Amino acid sequence: MNAHDTVVVGAGPVGLWTAAELALGGGRPLVLERAEQRSPHSKALAIHPRTIEVLAMRGQEQAFLDGGLPVPDGHFGMLPARLDFRELATPFPFMLAHPQLRTEELLEQHALALGVVIRRGHRVTGLSQDEQSVTLRVSGPDGAYEITADHVVGADGAGSTVRQAAGIGFPGTDSTIFGFLGDVELADPPERPGTWHNAHGALIVAPIPGGRYRVTGYAPSTLTPTLESLRETTQRIAGTDFGMHSPVWLSRFGNATRLAAQYRKGRVFLAGDAAHMHFPAGGVGLNVGLQDAMNLGWKLAAVQRGRAEASLLDTYHQERHPVGESLVEHTKAQTALITATTEEGLSLRRFMADLLRAHPDVAAELADTLTALAVRYPGAHPLAGRRLPATREQLRLLREGRPVLLAQEATPALKDLAVSADLQLYETELPWPTDAMLMRPDGHVWAAGDTAGQLADAMAELPLT
């Protein structure tokens, strides 16, 4: 038996959450990270409502809420018509501004508490697999070595070594435009977080921890970022540089957009940026990656522990690849709006903003899309695959990372079914006209029925052992 049944490559948020899910499910995961230390910079700052629900399903949301700033709305393509999150069907109707650095710290604490082993300074250089296992070639502080596991999860970013070594295609488009980013101090900051968009470009200025501000956006003439070029660009777009000084991070990013042809190849899986890359429009990247991890982790643990048939692993690609397709489509659409600085482009933006104001239902649908509350997986029953619009208390019923039975009334027949299937049964109000349902560990409906018999029949069609 291998010392570790799964090797997760990459100790960013996606890799850490994947490993934590595997450990919660009874596995022995190992995380390999090529960097010796965590980056001090926070690429991502936004945690969307569905991701907070994911954290709440494992009882981990409070530390994030305590350290974050709730923002009641969002944007699509930096249009001036904001998307109102306050009416979303979730206990967390807001975007949470929370630096990635702190997100990684909290997720690592969670993973370590579950027994996850993390090795930093260990770079994967290749892999091979057969029907029984995967062998990784690794370069570590003490030299090169090999490690064998049942499965490997590549959460090692857009340049994923795991994806390349597994021979998984990454089709898409290269960068044709670039955005800019600077974490700086401002002597004369705006009174509140602000956005600007005009013929000179697009700009967002928002506070971040440490008394600094993130200045980010797009300009047609974006060059290699320096403090002087950031000042000049900000001055052109906003009419002031806000007294910008003392940068701690200057960077730029492109609109290269790619989606892995397969999220699974044999015993190798991809999640997060290793599976999809795109322009960082709407702050959705980290969120979709954590939701990939949530979908994969419980399934892989269930199969490894003999609680589910191996065919359950096929559903990872089937369910998450369409989400990736939607992701790259709407981020490309947002990129087109953000970079629309010509007269025609500005007219398009005004037209789209007016449309959203005139049709709140369209704005609500965009909000559901950006926040991932609209994600639904395929299933035979009309409710199967739907996300449960749960209360915070209902989300916490999934803390053990196992499927659970929810019922309007815990009848003797349902109690017998729960015992026979080795499942917890909870009596709670349901949002749909059905008496009982089997909830997946990721908060989506797996089966439903009006009687214990109907539910048992539906469960018999699932890949459960």
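The largest nonpolar core of this predicted model comprises 98 residues, and those with the most contacts inside it are Val-7, Leu-136, Leu-405 and Met-437. A nonpolar core is here a set of buried Ala, Val, Leu, Ile, Met, Phe, Trp, Tyr and Cys residues joined through side-chain atoms within 4.5 Å; buried denotes under 20% relative accessible area, exposed over 50%, and partly exposed the range in between (1.4 Å probe, protein chains only). Helix α7 supplies the largest share of this core, 10 residues. Another core, of 24 residues, lies apart from it and includes Leu-88, Val-323, Leu-356 and Ala-363. In soluble globular proteins, nonpolar side chains tend to be buried together.

Because the model is predicted, local features need pLDDT of at least 70 and side-chain atom pairs count only at pLDDT 80 or more, whereas totals for chains, interfaces and linings use all residues. Residues are numbered from 1 along each chain as its sequence is written, and side-chain values use heavy atoms, with hydrogens and water left out.

Helices (H or I, at least four residues) and strands (E, at least two) are DSSP runs, numbered from the N terminus. Among the buried residues of α4 are Gln-100, Leu-106, Leu-107 and His-110. The buried residues of this helix pack against elements including α1 (13-24), α2 (49-57) and α7 (285-304), where contact means heavy atoms within 4.5 Å. Just after α4, Gly-115 adopts a positive phi of about 95 degrees.

An open sheet is formed by 5 strands in the order β15-β16-β17-β14-β18, with antiparallel pairing; two strands pair if DSSP finds at least two bridges between them. The edge strands, β15 and β18 (244-254), each pair on one side only. Strands β15 (residues 194-198) and β16 (residues 201-208) are joined by 5 bridges and form a hairpin with 2 residues between them. Within this pair, Gly-194 stands opposite Val-205 of β16.

Strand β14 (residues 178-186) contains Phe-178, whose bridge partner in β18 is Gly-254. The antiparallel strands β14 and β18 are joined by 8 bridges. Phe-178 is partly exposed, with a relative accessible area of 27%. Although 46 residues separate Phe-178 from Thr-224 in sequence, their C-alpha atoms are 9.6 Å apart in space.
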